[in-house]
Amino acid sequence: MDPKKLVLALALVLFTISVAAQSSNWNVEKVGAPENVLQVTNNTSTIKLVKLTDSEGDPVTGQRLERDDADLYYRYGPFNERNNTEYLVEGYYMAEFKANASKTTKVQYNLYDDSSDGFETAVNQSFTVGDMELEKLTGPTSIMKADEEYTYEIRTINRQNGDVLSNSDVNVWFTNGTWTSEKYDLNNYDNDPEDQYWYNSKVKTPPGENRTYVMHIEGSTTSGSSVGSRSWEVDTYPTLEGKVNTLHADQGCNNMSFFTECSGETLIETEYEVTGAEAENVNLSIRKWHPNSSQWIEHDTTRMENLQEQKYEAEMNIPVIDTSNYSKKLQLFYNATNDRRQDVIKRNITYHSFEVNDLSSAKTPPGDYNVRMSVTRVFSTEQLNRSDIDADITIKTPEGENYTSFTLGDMEYVSGTGTYRNSINIPITEEAGIYSKRINVTDQFGDSKLLKAPQTNFNVTNASKTFETTDSIEMDIQRQNNYSYEMEIENTESVSRQISFDYTDGIEDVAQVNYGNEVNINGDETKDVPILFNISDVQSYDGEITLSDTSSDYSKNVEVMLDTPECDYKQSQICLETEGVDVDVSRTINVNRDFEIHYLGPSDSTKTYTPVVSGNISDFVTVEPETVTFDEDKSNAEGTLNYDFGSTGYFSGTFEVGEVSLDIDSNIEDTVTRENEDDENSNVNTGDLSFSVPNSVTITSETQSVMISNTGSTEIESLSFTGTPFSVETGQGSIPEGGSKSFDLTFSEVSSGTITVTGRNGDQQEEHTISVSAENPEEENIQDLRDRLTQLDQRINEPELQSQIDDVSSQINRLESQYTEQRYQSIVTSLNNIERQANSNTGGTQNPSNPTGPSEPNSGGGGFLPILIGVLVMLLIGFVGYTSVIPEQGDPGYSVLGK
């Protein structure tokens with residue numbers, strides 16, 4: 001062998017031994033109070049800390065432990081099942097087990113070095129076992145915010161007889177070995193006849209985010225006759241925080257951004273940004289205040305959409321509030337969540353139901369006087385439905401006497417403008433002066449708004465007529481344009497007159513007489529005065545222009561009515577007029593539906609549209625013409641939807657022209673031939689549709705099977721399921737006559753509510769409702785697991801199985817603090833395995849007080865290592881000496897040693 005290679009090999013051996021020997025110099029140190037709680041409740045999970053340091057006294061981390069091929073584990077009970085410790089911080093490790101006084105009152109820690117194939121060191125830690133159970137009533141357990149105050153409520157119970165213990169001292173504290181909080185004395189004592197005794201106080205959680213601590217709760221009676229404790233592993237998490245970046249409404253609110261007042265049916269847009277930690281979900285709710293119960297009632301909730309990193313957006317409609325039951329205030333409730341973290345932002349909004357606008361002229365000569373008003377949403381031009389309001393109008397003379405009165409039913413509604421009007425006559429014989437109106441409007445919920453003097457005053461003049469002009473102006477407007485009108489004004493006297501103009505609210509933004517200037521008319525002159533109507537938004541306008549002689553009190557009101565084409569559906573620059581697009585017939589005949597398109601865009605523009613039908617109804621519908629072009633000379637176009645059904649059934653889709661989209665729903669009943677479509681005997685009877693569903697179901701998870709039975713005399717071609725307040729998803733399927741089928745429903749959330757089941761066959765349709773009751777299985781499931789575990793614990797003595805039982809007990813404790821279906825099923829599987837092993841063991845059981853297994857570590861076991869090192873050193877010295885006296889050729893003995 002090459003001498004150099006031998007030297008390298010020996011050096012490698014020595015290096016390996018020296019590295020492996022490092023762990024033999026590590027120390028496993030017991031940890032005392034308060035880092036460890038030393039009195040434990042019998043048959044209850046507890047956590048103990050142990051510290052691992054190296055020969056220099058530095059903490060050994062979990063990474064270093066793994067790198068050096070060492071293992072720190074613990075044994076509890078029979079000491080034959082090793083359980084890995086969990087690394088905490090700076091050399092501190094956790095051991096979690098279920099204390100049992102009948103087995104042992106100590107836990108043993110072992111440091112095992114795989115490279116040296118033996119135990120290196122061990123330490124035992126003892127504790128006291130008592131029978132005080134500490135029941136946590138409130139307060140977080142496993143996950144909590146850092147540096148946050150929580151109220152903990154603890155009840156102390158005698159575990160042997162179940163009696164509630166009074167006169168107890170209860171403390172709560174946190175530790176990770178390197179840091180330990182103060183002990184919080186839960187000294188607020190409550191003695192409620194129903195809930196009996198408990199102890200409570202505010203406790204501050206540990207500092208620092210994303211850290212792990214051990215929480216100890218320790219109790220003892222004042223006499224010391226009963227003691228116990230509970231311990232949990234707890235994690236602190238970053239505080240979830242966010243802010244509202246945008247809150248926008250085009251109209252309907254007092255501001256476009258970050259409004260504080262809104263009316264009903266207002267679309268709002270908002271963005272929420274997560275600024276601290278991360279959110280899994282952000283929900284936006286609109287809540288309304290119920291004064292009788294003094295609480296917020298959720299009206300609607302939507303999940304905000306995460307369009308970019310940590311920024312969530314949503315649209316919602318401000319509701320119309322039943323003000324007979326709710327007050328006029330709303331709340332936007334932003335709720336960001338992640339695990340058990342939550343950030344809530346509340347924005348209060350004052351609600352407005354409607355407002356009344358008096359659009360009448362403020363000045364009029366004797367004769368006809370038009371009373372005009374509109375009822376709209378506040379901060380909006382949207383009109384309230386006439387069926388939802390009522391009104392009483394009273395007019396009084398200058399002396400304050402009632403002149404006339406009428407109701408909303410006496411008023412004409414001008415479609416498209418939202419204006420209500422009624423003409424009253426004030427004869428010239430009546431006294432001139434200031435008349436007043438009193439307008440009182442009430443909506444469907446009984447909320448009323450009153451307009452009265454002086455806002456509603458108007459002046460009736462008795463001056464002599466000095467000029468003549470038209471009584472009204474009527475024009476049709478088609479597109480965005482400047483429309484002109486020539487109004488003739490005749491001076492009826494020989495002196496010159498100067499005429500000024502005023503406009504009511506309905507037209508003040510679109511009408512302009514004589515380019516905004518007053519008009520001078522010579523005596524006995526007739527002049528054509530230009531009026532310009534600037535129409536940027538094609539809609540109907542209704543109002544009055546008041547012409548006044550500036551040298552007298554004479555004035556005249558000219559009614560202005562600007563009409564648009566008939567419009568059933570309007571969106572942006574398209575107005576669609578149609579007799580309807582739905583078709584419901586009893587046979588497969590050809591049906592036509594006519595429509596008319598009005599282009600409302602700029603008069604000097606050209607635009608082409610392609611009417612489109614989509615959905616399964618599109619197989620039976622054609623559109624004529626296929627395209628429509630509008631230019632300077634063309635603003636209207638007619639078309640036809642041709643329906644040619646070749647089969648029965650339920651068909652749906654959409655009809656779209658530009659921005660206008662209409663839903664089409666059609667039922668076609670019985671199939672007939674073209675030749676015999678007038679022969680009623682040719683109709684094919686499809687039978688009666690009928691089916692049955694369960695009256696109620698109980699759900700404990702997101703999935704549930706429901707059996708549907710076809711009890712009719714025809715096939716159920718399709719079934720749909722609609723859930724409230726949750727959504728429901730399921731596969732499609734038909735059910736033959738007399739058959740049954742099970743549908744697997746997937747719920748968006750485990751919640752009580754209803755499911756509406758709709759069955760269809762052609763045009764036949766039937767609905768049934770299923771009541772849904774939701775049960776939270778967590779508490780019952782955990783109790784079932786504990787009952788099974790107790791039964792197994794009583795009948796099993798095998799050390800291996802007993803160790804598994806202890807492990808499952810620890811898992812159940814974790815399940816109690818953070819329940820998941822996956823964790824629950826894993827524990828069920830473990831219990832099933834233990835039961836199978838217990839049932840298959842037919843031999844004798846081993847006494848857990850005298851188990852077999854690895855012997856206790858020998859404190860002198862490390863003596864073999866120095867001997868081994870010494871032998872290797874002697875070999876190395878001999879090798880070096882040998883190489884220094886190798887005989888050369890010619891030396892004595894070369895023939896023996898030299899070769």
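Is K570 buried, exposed or partly exposed? With a relative accessible area of 38%, K570 is partly exposed, a class lying between buried (under 20% relative accessible area) and exposed (over 50%), calculated with a 1.4 Å probe on protein chains only. The views below belong to a predicted model in which local features need pLDDT of at least 70, side-chain atom pairs count only at pLDDT 80 or more, and totals for chains, interfaces and linings use all residues. Residues are numbered from 1 along each chain as its sequence is written, and side-chain values use heavy atoms, with hydrogens and water left out.

**View A. The salt bridge between K570 and D537.** The side chains of K570 and D537 meet at 3.6 Å, N to O, in a salt bridge (a side-chain nitrogen of Lys or Arg within 4 Å of a carboxyl oxygen of Asp or Glu). K570 belongs to strand 48 (residues 569-571), whereas D537 lies in the loop between strand 45 (526-535) and strand 46, 33 residues apart. Strands here are DSSP runs of E with at least two residues, numbered from the N terminus. D537 is also partly exposed, at a relative accessible area of 37%.

**View B. The salt bridge between R497 and D549.** The closest N and O atoms of R497 and D549 are 3.2 Å apart. The pair links distant parts of the chain, with R497 in strand 42 (residues 497-503) and D549 in strand 46 (residues 541-549), 52 residues apart. R497 is buried at a relative accessible area of 11%, and D549 is buried at 2%.

**View C. The salt bridge between R159 and E133.** A distance of 3.5 Å, N to O, separates the side chains of R159 and E133 in this salt bridge. R159 is in the loop between strand 13 (149-158) and strand 14 (168-175), and E133 is in strand 11 (residues 132-138), 26 residues away. R159 is partly exposed, with a relative accessible area of 33%, and E133 is partly exposed at 28%. The count of salt bridges by this rule comes to 20.

**View D. The surroundings of Q39.** Q39 is found in strand 2 (residues 39-41) and counts as buried because its relative accessibility is 19%. Its side chain makes a polar contact of 3.4 Å with the side chain of E218. Such a contact is a pair of N or O atoms within 3.5 Å; within protein, one atom must be able to donate a hydrogen and the other to accept it, and residues adjacent in sequence count only if both atoms are side-chain atoms. A polar atom of the Q39 side chain also lies 3.3 Å from the backbone oxygen of G219. Beyond neighbours within four places in sequence, Q39 is in contact (heavy atoms within 4.5 Å) with residues including T128, S220 and V227.

**View E. A buried acidic residue, E35.** E35 occupies the loop between strand 1 (27-30) and strand 2. E35 is buried yet has no salt bridge, and the nearest side chain of opposite charge, K183, is 9.5 Å away. Apart from residues up to four places away in sequence, E35 touches L49, T175, G177, T180 and H216.

Note on methods
Helices (H or I, at least four residues) and strands (E, at least two) are DSSP runs, numbered from the N terminus. Lys and Arg count as positive and Asp and Glu as negative; His and the chain ends are not counted.
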